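Visitor: I would like to learn how such a model is read, and on what grounds each term is applied. Could we look at the structure and take the terms one by one?

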Protein chains: 2
Amino acid sequence: MTPKAILIICDGLGDRPIAELGNKTPLEAAPGNGLDKLVAKGACGVMNTIAVGIRPGSDTAHLSLLGYDPHIYYSGRGPIEAAGTGLQLRTGDVAFRGNLGTVDDIGNILDRRAGRIRNSEPFAQVMNGIEIDGVTFIARAGTAYRVALVMRGEGLSADISDVDPHVPGVPITPVRPLKDTPEAKHTASALNKFLAYVRPLLVNHPVNLERRAQNKPEANYLLLRGAGLYSELPPFSERYGLKAACVAGAGLYKGVAALMGMDIVESPGATGLADTDVRAKFETALKLVAGDYDFVFVHVKASDSLGEDGNFTAKTEFISKIKNAAEIFDPLPEGLLVALTADHCTPCANKAHSGDPVPVLFSGHGVTPDDVTEFGERSCRKGGYGRIPGLSLMDEILNLLGTAHLYGA
Amino acid sequence: MTPKAILIICDGLGDRPIAELGNKTPLEAAPGNGLDKLVAKGACGVMNTIAVGIRPGSDTAHLSLLGYDPHIYYSGRGPIEAAGTGLQLRTGDVAFRGNLGTVDDIGNILDRRAGRIRNSEPFAQVMNGIEIDGVTFIARAGTAYRVALVMRGEGLSADISDVDPHVPGVPITPVRPLKDTPEAKHTASALNKFLAYVRPLLVNHPVNLERRAQNKPEANYLLLRGAGLYSELPPFSERYGLKAACVAGAGLYKGVAALMGMDIVESPGATGLADTDVRAKFETALKLVAGDYDFVFVHVKASDSLGEDGNFTAKTEFISKIKNAAEIFDPLPEGLLVALTADHCTPCANKAHSGDPVPVLFSGHGVTPDDVTEFGERSCRKGGYGRIPGLSLMDEILNLLGTAHLYGA
């Protein structure tokens, strides 16, 4: 077949040595040989997804790893999350990520996630399609308590305050313009009118009446944050000449891929959680490259979430699951390149993203092997790639595939 | 002597492991100790001549290695090839590289190189100095069937189509403006008139009459490509404070050096081909630095050409010739720095340039040795220099020479 590539990004994979793991990192400590087999025939390195010492968000890191400089293309989390729900954005839209929350009668936040209510769909429906002051509000259910909102109309701005105060127990305040521009004022004003308009629709929603009877937190407020003014991304297929698909469980990563025009392919058992079926995701990717697709981006989420929980035992177990699932790549089909890395490290000790470099491996088509034998944060420091910038990852993939554009003559 | 430097660029030197060479690269497999002796007292690294994963042309790569950012200074292949014939370009000139080709009576290309005719000089003479619509056409013979053409006049543009359709069997079409500007239209129109004007001069040229009698392909058309609008480069000597010479066989590299104001020094037996006298080139460089010159750029071409042929046996033999020739640097004269690298890799498997990093060695004056003992793509990955950008090569050479400008105070 013509050379094809699978890029696997294990969110927050990298870590720091942990005393309880014998001073190993979860990646170094996790049992399983699947990744080491790829390394044995491949070459490794470390990578700063943004730059040395920079602590990346998942959104900016993914843009960078897929070759879209976030300093140019990042316009906030809202548009990406909104795209992840399947919403088709248009240049000029202002998009938000949001939670259904519970506020009391005088507007204090009781619960930022409305008791982690499982289905936001009925609430998104009543908020969708409302028009106020020339702005159309488009609401779309995300997973569980999440709702994406898009404001569509002339002259909107993302320079407005969040609705969500990010902590419970404080009052909701009206949205404020953050710049003294007609656009910011118009956007804040229309959004405040919208929130007032939908309040009774939420309060009196049949699902809430039911929850009230059951003494469950009601989904009676839309807590918005991450406003972003969307502008169209150059399509991935045109940028790289690759027909691309995304296999991911979590919304953000589907959103990144959707904004780039990749096809989002569902994989059985992909949940975005620790119970996800990693092997099935890898299998789906292999099927896609055996068919029409030239490039598959696979995202695995739970290594990050477990790091943010500080749960190094569970993180190590989950990484072991990734390692075992990677046995499916042994042997690699002729003409296939597999690259595996992370978007950032999430050290369990920090319970947060860090700016440490991530390990990266390239195996298969076009790769000149090095003598690294294990895939880990420290072994990869000695790899043949040295330290490379995340923004160059796609260029290197094209180079290995043999389809890189010649610069000059 | 004051510290001086020789920079040797072996075109397309780097490669990938080849099964028939015992999974070694041609550089790793080639017999000879000359480079390893330099490495033993030197330090190594790998280098992306443009950036990680970017597949460089020879022209852009050489600009970068000599410290001229191609994103700023590259204006197409034409001006460089034209300068390589000894033509003095002026800002505003539009320059082309060209072949003498054979077309039939109705304008179909029969042979893009006129049977690889050996001498283009008599043809360049009849095309030189013609004036049409205020444009002076300057033609200069290159090696074998090659001719460089320069259009000189007011208001010219390089935004025009190639004359050369790049494949035989198709008809020559008139040159078209590629932008809707008066400059592009004027340039295309003048060039079409020129091509029509010189057609009978070529068809009836005494050399062609002779070739017709011998039933050889006639040089009856000038196939132009790579139009570039020349603007003057800052002189190398002023940029680096080094009196510089170039020792090269092939026109492009003489052109790069000439555009930077280096003196082009002929070396006996320098052909730009596999039969070139590499040792004589190195000897010439040593003589030049023993004399007035502070810096000599030596170019060796055939490692690239043989890689493009996919001929790994011949590439390995040629690299062995380079290694043996490099024995002349043992011992290195006091005060001399030798740097040796490539402009890009040309893997035999690809028969084309790749974006893999090139190995680089520094040996002699100012160098802190590392523990690399062999000069190869993989051994250099472990070198003291790690991975460096090609655009920094000249800065590092100045640093080692001890003449780098102090940035700050």
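Guide: Let us begin with A:D15, which forms a salt bridge with A:K315, the closest N and O atoms being 2.8 Å apart. This is a predicted model, in which local features need pLDDT of at least 70 and side-chain atom pairs count only at pLDDT 80 or more, while totals for chains, interfaces and linings use all residues. Residues are numbered from 1 along each chain as its sequence is written, chains are lettered from A and ligands numbered from 1 in the order in which they are written, and side-chain values use heavy atoms, with hydrogens and water left out.

Visitor: Why is the pair A:D15 and A:K315 called a salt bridge?

Guide: The term requires a side-chain nitrogen of Lys or Arg within 4 Å of a carboxyl oxygen of Asp or Glu, and the closest N and O atoms of A:D15 and A:K315 are 2.8 Å apart, so the pair meets the rule.

Visitor: What parts does the pair of A:D15 and A:K315 tie together?

Guide: A:D15 lies in the loop between β1 (4-10) and α1 (26-29) of chain A and A:K315 lies in helix α13 (residues 312-325) of chain A, so parts that are 300 residues apart in sequence are tied together. Helices (H or I, at least four residues) and strands (E, at least two) are DSSP runs, numbered from the N terminus.

Visitor: Which salt bridge does B:K382 form?

Guide: B:K382 pairs with A:D371, with the closest N and O atoms 2.4 Å apart.

Visitor: How many residues of chain B are in contact with chain A?

Guide: Taking contact as heavy atoms within 4.5 Å, 24 residues of chain B are in contact with 22 residues of chain A. The area buried between the two chains (the accessible area, with a 1.4 Å probe, that two parts lose on being put together, summed over both) is about 1,900 Å², of which carbon and sulfur atoms give 49%. B:V52, B:R55 and B:R381 supply 34% of the area that chain B buries against chain A, more than any other three residues.

Visitor: What is the angle at which helix α5 and helix α10 of chain B pack?

Guide: Helix α5 (residues 77-84) of chain B and helix α10 (residues 251-259) of chain B pack at an angle of about 90°, with their axes 6 Å apart. Axes are lines fitted to C-alpha atoms, for helices over the stretch in contact, and angles run from 0 to 180 degrees between N-to-C directions.

Visitor: What makes α5(B) roughly perpendicular to α10(B)?

Guide: Angles under 35 degrees count as roughly parallel, over 145 as roughly antiparallel, 65 to 115 as roughly perpendicular and the rest as oblique; the angle here is about 90°, and that makes α5(B) roughly perpendicular to α10(B).
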